[in-house]
Amino acid sequence: MSHDKPLVLDVDGTFLRTDLLLESFWAGLGRMPLRTLRIAATTFRDRARLKAELAALGPLRTDLMPVAPAVAEVVIGALNEGREVCLASASDQRLVAQLAADHGLSERIFASDGRLNLKGAAKAGALVRVFGPRGFVYAGNEATDMAVWEHAETAVVVGRVPETAALPARCIGVVTLPGGWSAAALLKALRPHQWVKNLLLLLPMIAAHRFDTVTLLPILLGMVAFSLAASAIYIVNDLLDLEADRLHPVKCRRPFACGAVPIRVGMIACAGLVLAALALAAALNAGFLGILLLYMAMSLAYSLRLKRMRWVDITTLAALYTLRVVAGAAAGMVDVSIYMLVFLFPIFLSLGCVKRLTELTLAPDTDPLPGRGYGRPDRGDLLNVAGIGVVGALVVFFLYSISDQGRMLYPDTWLLWLAMLPMGGWLVRMVALGWFGKQDYDPIVFALRDKFGLGILMMTLSLMFWAAGLWAKWFGMGG
């Protein structure tokens, strides 16, 4: 590689492990969804105008965007040698200039200006006019960069670009740097550990004492459909939260925030997951399909707007958890008791408060949570609402125990009352752990991994089975 000629860097996928156009789109979608979609629909064929209008929707924190480590080393080496390092990108010139300033690079940039989309041959022509043929070193990452590499002294290739195999025959040097993404990183973005939440679909079957394969198998298929749909929503949520995640001490390591998976790959994966989820849901029954569509619509609304609204966000979370229970009833064709739903909703409301309490307790400072409507002063109010949810759930459970339906399913009512002790203890413990920051950022996932807490829940469930006479039925202990 030349040690005296300017180093020119492509931006998207080369200097940055992300794409400025897609960053602009998702940032705009989070701020002004309807306007962003209108711009995308009306200017899609005019790429330069599309980039300019999306960039104008609002500021982007280009200083937070992930830089490719291997390319950063090359840049540092070039700057130490006193060489000019320029950015040349098809992205909008305002964002490219801002990015160059963030990293102390040359003020001379080459970028799209709203009229000309500076890509491929157009970029090559602009660089040759300024530096002359073979007058620069160019770093890129895709086949369209061949038009530029053919005029460069040295081609710095980030990732695997098969077309560059022909460059040495044209007396153009080639330097290869690592790039690309892995399937493991994409799998992490799907958050498979969150799929345990879909065990909630089993609750109606358990509550109705329907322990048969005819009921279980469709519920298992429903759990798969919900897992696929949830992963699609997680991708959308992560893409909408890129800036907030990069400001977070833990979430900054999420695959899209850190650039481990390209945004474009995430969008394609999201579309595939949605189609697969809907196909499975349609194969079950219309009721389950309708609930899944409602879940996805509410989740999308939560990601776009509701999660930034105080109290509305935790109410929505509680509703989304409750929908999983309703979905389980629809998949298994099991009647779901209104008592069960009224009992579960305040529990999920309390756990939503626990989620925010944990985030506030673990926050590094007193500033409001990025992308959320809460700050440290709200901890007391969140604790109070969580407490109300715990009391409300226990009251509803007691009322259920003395209802006609409760007495029919659980003849030994006193055992249900006894079950309220470990149940209440578990709920209080969850709230306390959130208050002291002893959980991770998702209370449902934590609860399903917490061995001590699971022991308490098993105790509660055992007492309920005993009250229903199921132990006697299963193990032949009855008369």
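This is a short walk through one protein model, from the overall numbers down to a few residues.

Okay, housekeeping before the tour. What we have is a predicted model, so local features need pLDDT of at least 70 and side-chain atom pairs count only at pLDDT 80 or more, while totals for chains, interfaces and linings use all residues. Residues are numbered from 1 along each chain as its sequence is written, and side-chain values use heavy atoms, with hydrogens and water left out.

Big picture, then. The protein has 22 helices and 6 strands; those are DSSP runs, H or I of at least four residues for helices and E of at least two for strands, numbered from the N terminus. The C-alpha trace spans about 95 × 50 × 40 Å along its principal axes. Of the 479 residues, 52% are buried. For the cut-offs, buried is under 20% relative accessible area, exposed is over 50%, and partly exposed sits in between, with a 1.4 Å probe and protein chains only. Accessible surface comes to about 21000 Å², and carbon and sulfur atoms own 66% of that; the areas are Shrake-Rupley with a 1.4 Å probe, and for residues only the protein chains shown count as cover.

On contacts, meaning heavy atoms within 4.5 Å: take the pairs at least 6 apart in sequence, and 65% of them join residues at least 24 apart.

Now let's zoom in on helix H6, residues 121–131. Which residues of H6 are buried? They are Lys123, Ala124, Ala126, Leu127 and Phe131. Looking down the axis of H6, those buried residues fall within an arc of 165°, so they line one face of the helix. That arc is taken over the directions from the helix axis to the C-beta atoms. As a reminder, an α-helix has 3.6 residues a turn, so residues three or four places apart point the same way. Over on the other side of H6, Ala121 and Arg129 are exposed.

So what covers the buried residues of H6? The cover includes strands E1 (7–9), E2, E3 (110–112) and E4 (137–140), plus helix H7 (146–149). Just after H6 comes Gly132, with a positive phi of about 85°.

From that cover, let's pick E2, which runs over residues 85–92 and holds Ser89. Ser89 is buried, at a relative accessible area of 0%. Its side chain reaches the backbone nitrogen of Ser91 at 2.9 Å.

Most residues other than glycine have a negative phi. Arg191 isn't a glycine, yet its phi is positive, about 55°. Arg191 sits in the loop between helix H8 (183–189) and helix H9 (203–207), and is buried, with a relative accessible area of 10%. His209 also has a positive phi, near 60°, and is in the loop between H9 and helix H10 (213–240).

Last stop: Leu239, in H10. Is Leu239 buried or exposed? Buried, at 2% relative accessible area. The C-alpha atoms of Leu239 and Trp26 are separated by 6.2 Å, although the two residues are 213 apart along the chain. Leaving out neighbours within four places in sequence, Leu239 is in contact with Trp26, Phe256, Ile263 and Met267.

That's the tour, thanks.

Definitions and conventions
A polar contact is a pair of N or O atoms within 3.5 Å; within protein, one must be able to donate a hydrogen and the other to accept it, and residues adjacent in sequence count only if both atoms are side-chain atoms.
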